[in-house]
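Here is a short briefing on a predicted model. It covers chain fold, core and interface.

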Amino acid sequence: MKDNNISCNKSCGKKVDFEYHQRKWRKLIDDGSVLSVLLAGVGGQGILLTSKVLSEAAMLDGLDVKVSEVHGMAQRGGSVVGSVRMGKRVYSPVAGKADFIISLEKLEALRYINKLKEDGFIILSDVEIYPISVYSGDISYPEDINPEIESITFNYIVVKAVEIAKRLNEARAANTILLGCLSNFIPISYKCWIESIKKNVPHDAVDVNLKAFEEGKRIIN
Amino acid sequence: MVNLKNLKLLTGNEAIAQGAYEAGVKIAAAYPGTPSTEILENISKYKEIYCQWSVNEKVAMEFASGSSIAGARTLVAMKHVGLNVAADPFMTLSYTGINGGLVIVFADDPGMHSSQNEQDNRYYSKFSKIPMLEPSDSQEAKDFVKEALNMSEKFDTPVIIRTTTRISHSRSMVRVGERCNSKSGSYKKNCQKYVMIPAYGMQRHRVLLERWEKLTKFSENSELNKTYNPPDISLDGNVGIITSGISYQYVREVFTNTPILKLSITSPVAKRTVKEFAKGKKLLIIIEELEPFLEEQIKEANLGIKIIGKEYFPQFGELSLEILEDLYDEIFGTSLFKAISSGNTNSGNIKPEGNVKAPDPGSIPQRPPVLCAGCPHRPVFYILKKLKTVVMGDIGCYTLSVLPPLSSLDSCLCMGAGIGQALGMEKADPELKGRIVSVIGDSTFFHSGITPLIDSVYNKSSGLIIILDNRTTAMTGRQVNPGIGKTLMGETTFEEKPEVIARAAGIKNVKVVNPYNLIFLEKTIKEELGKQELSVIVSRQKCVLLDRTKSSERVYIDVVECAECGLCLKFGCPAIEYRNNEYTINELLCTNCKVCIDICKKGAIKVGDK
């Protein structure tokens with residue numbers, strides 16, 4: 001079933017088997033593998049909070065977790081990438097190749113897609129933020145990024161997260177929708193996600209973020 | 001769901017703050033600098049610790065020395081280049097030693113995420129003979145604060161904790177504990193220890209050399225330096241890796257079958273420990289970021305086996321899993337390992353060609369950080385570019401004005417450099433007179449702008465100094481400073497005014513302007529540039545990130561009146577957009593500073609109701 005809130009690849013048309021992915025990852029983690037999620041976006045889009053919700057959910061589920069963050073210039077509208085890694089025992093906080101990329105902006109998805117493992121998935125928010133260089137230089141913002149991504153991988157899901165979040169009256173909950181979508185793939189139990197959201201988002205935004213998480217979770221089912 | 005109890009997911013900086021709390025630190029000081037800033041910000045959450053932003057790193061170091069002499073356990077933190085500022089007290093602190101335990105944290109920035117260079121501060125330890133600990137995750141970052149303080153008090157020396165960005169800004173799990181109350185010593189006069197006149201200094205230098213010997217033995221017996229022997233070393237047991245800090249984590253993940261010596265005390269290097277580790281091995285690989293600091297010292301130990309290091313790694317930037325994976329293939333997949341296994345270490349060319357990964361050339365538009373929409377620095381640089389001035393810059397958000405379209409900065413060297421540089425240029429080339437401007441932020445001015453300001457008066461400068469007072473230390477995340485009237489602990493204090501300081505220094509031409517008033521700003525800059533004596537303009541408007549008040553107005557571009565000249569894009573405000581052949585203002589980003597209204601020559605940018 002194709003929802004009009006997402007446009008996604010061919011494989012999505014025949015429905016992603018989430019239970020398969022959950023089972024696969026549960027086994028891989030039991031065998032000592034580390035699951036790496038890369039979070040990409042533009043400074044100010046809320047990558048720090050998003051990675052906090054994801055990492056604490058994994059921690060509550062009994063996994064070892066490491067997170068790599070970007071501070072300092074992050075608020076100045078630059079390209080920002082962080083990673084969350086989970087497993088029985090995690091060493092490096094910085095991911096090499098990622099099993100999942102969550103991108104809060106389309107151009108940033110393109111920038112970091114070379115970090116995606118061959119069988120990795122990319123979950124992409126349908127947002128375009130023009131870098132200032134587009135206005136002053138000869139470079140232009142790529143016309144249509146989706147086909148470019150498709151030429152690299154079929155495993156991508158474009159989510160109109162901001163639109164959905166606006167319908168919930170809180171555009172800032174868009175990132176939680178993407179996490180809801182991710183939660184279908186990775187073996188973190190539902191109650192740990194909920195607990196982590198409650199613990200980490202601002203007090204008065206808990207309800208809307210819980211709703212956003214549900215929206216993201218059911219979006220491709 | 002597991003009960004996390006006292007387990008927390010902390011950054012290295014948060015962990016150091018927690019470590020300071022648990023170890024009974026009583027006094028802490030710093031000047032903000034990425035990636036070290038959050039150490040003091042987090043320490044300020046513990047009411048048991050007196051903490052302060054010092055005006056710069058040198059003062060912070062001196063303050064910490066005093067607090068230690070008076071008997072309190074003390075922590076001082078700074079970024080790597082901050083230690084350059086504090087190097088003077090630092091180098092002699094190793095002579096005087098301490099009373100209360102003193103830990104000096106510095107955070108290096110390999111890869112220059114937010115710095116002007118990537119100097120390897122480990123050499124400062126060898127240079128000063130102040131011992132150094134390097135944590136490899138947040139748990140160690142916390143634990144090493146206590147270890148460092150114990151070492152400090154045992155050996156009567158300050159102790160360094162050196163982190164890098166990936167330690168400071170990565171989260172990993174930390175088991176937190178209770179605060180132990182350190183016993184406060186008290187000040188005892190001891191001029192032979194604390195007064196470094198040559199006669200006493202010479203005695204203390206001998207003490208220092210003896211102490212370094214003792215510290216080397218301590219390091220050799222310390223359980224902080226750990227050997228890791230994997231269960232199955234049959235595959236690569238001939239090889240051993242020596243590493244430390246974040247590199248250890250990359251090594252553990254990639255070299256799963258190789259014995260590893262992880263040094264936590266990286267200075268003085270525990271040479272006996274290294275020798276024991278090397279026994280029976282045919283190849284040692286030293287894996288470290290930046291300079292060959294450990295490699296040089298381990299090679300000096302003449303172990304009689306092959307030691308490799310920097311010829312396989314870049315001497316710049318950060319290491320990564322990818323770089324180590326390539327190295328792994330290089331060593332175990334090629335002739336190198338085979339040659340060593342057969343005892344023939346001289347055969348073959350072992351230097352790999354081009355194994356350093358080139359960054360993607362990138363057809364993708366770059367997205368460098370930019371000054372925020374509504375940033376009060378932007379109008380100043382817009383005018384400076386328009387007037388074709390030479391702009392000697394400084395360290396802060398405003399350094400970003402070097403990028404197009406503002407492209408107005410001519411220099412950025414270090415904290416406080418711009419004013420002195422401008423004077424030097426003016427003296428060297430009289431043609432530049434009337435065109436040279438130095439710009440410096442409020443916090444940077446208090447940090448190290450006041451002495452060159454006095455120097456400019458003394459040496460009869462005729463230049464223009466613009467102090468960009470945005471009422472905060474913005475780049476590092478908006479900390480208070482002497483101009484704000486608040487301390488790190490939230491107390492009200494005297495509010496320093498740069499214009500008052502400038503007048504007191506003897507400058508007659510001192511003006512304060514609001515940079516949002518573009519016309520007046522341009523007029524003032526032109527007037528002051530035309531004068532034959534030194535001028536100071538304080539451009540005062542608070543940082544847009546401080547607080548955003550909601551406005552009932554909106555700024556928009558009237559499409560009918562817009563001549564599509566593109567001049568407004570030259571202002572470089574992220575809120576002014578050009579899409580689908582139309583100039584628009586992004587309401588979400590616009591802060592209603594209204595400066596662009598004066599930029600548009602056609603009057604097409606207007607204010608309306610929301």
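In chain B, take contacts between residues at least 6 apart in sequence: 75% of them join residues at least 24 apart. Two residues are in contact if their C-beta atoms, placed from the backbone, lie within 7 Å. The model is predicted: local features need pLDDT of at least 70, side-chain atom pairs count only at pLDDT 80 or more, and totals for chains, interfaces and linings use all residues. Residues are numbered from 1 along each chain as its sequence is written, and chains are lettered from A in the order in which they are written.

**Chain B**
- Chain B has 22 helices and 23 strands (DSSP runs: H or I, at least four residues; E, at least two; numbered from the N terminus).
- The C-alpha atoms of chain B fill a box of roughly 80 × 65 × 60 Å along the principal axes.
- Of the 610 residues in chain B, 51% are buried (20 or more other C-beta atoms within 10 Å of the residue's own, C-beta atoms being placed from the backbone).

**Core**
- The largest nonpolar core has 231 residues (buried Ala, Val, Leu, Ile, Met, Phe, Trp, Tyr and Cys joined through C-beta atoms within 7 Å).
- α3(A) gives the largest share of this core, seven residues.
- A:I101, A:I123 and B:A20 have the most contacts inside the core.
- Leaving out residues up to four places away in sequence, A:I123 touches residues including A:F100, A:I157 and A:L178.

**Interface**
- Chain A puts 46 residues into the contact, and chain B puts in 43 residues.
- On the side of chain A, β3(A) gives the largest share, five residues.
- β3(A) and β8(B) run antiparallel, joined by three bridges (strands pair if DSSP finds at least two bridges between them).
- A:S68 has B:S170 as its bridge partner in β8(B).

Key
Buried ≥ 20, exposed ≤ 12 C-beta atoms within 10 Å, placed from the backbone.
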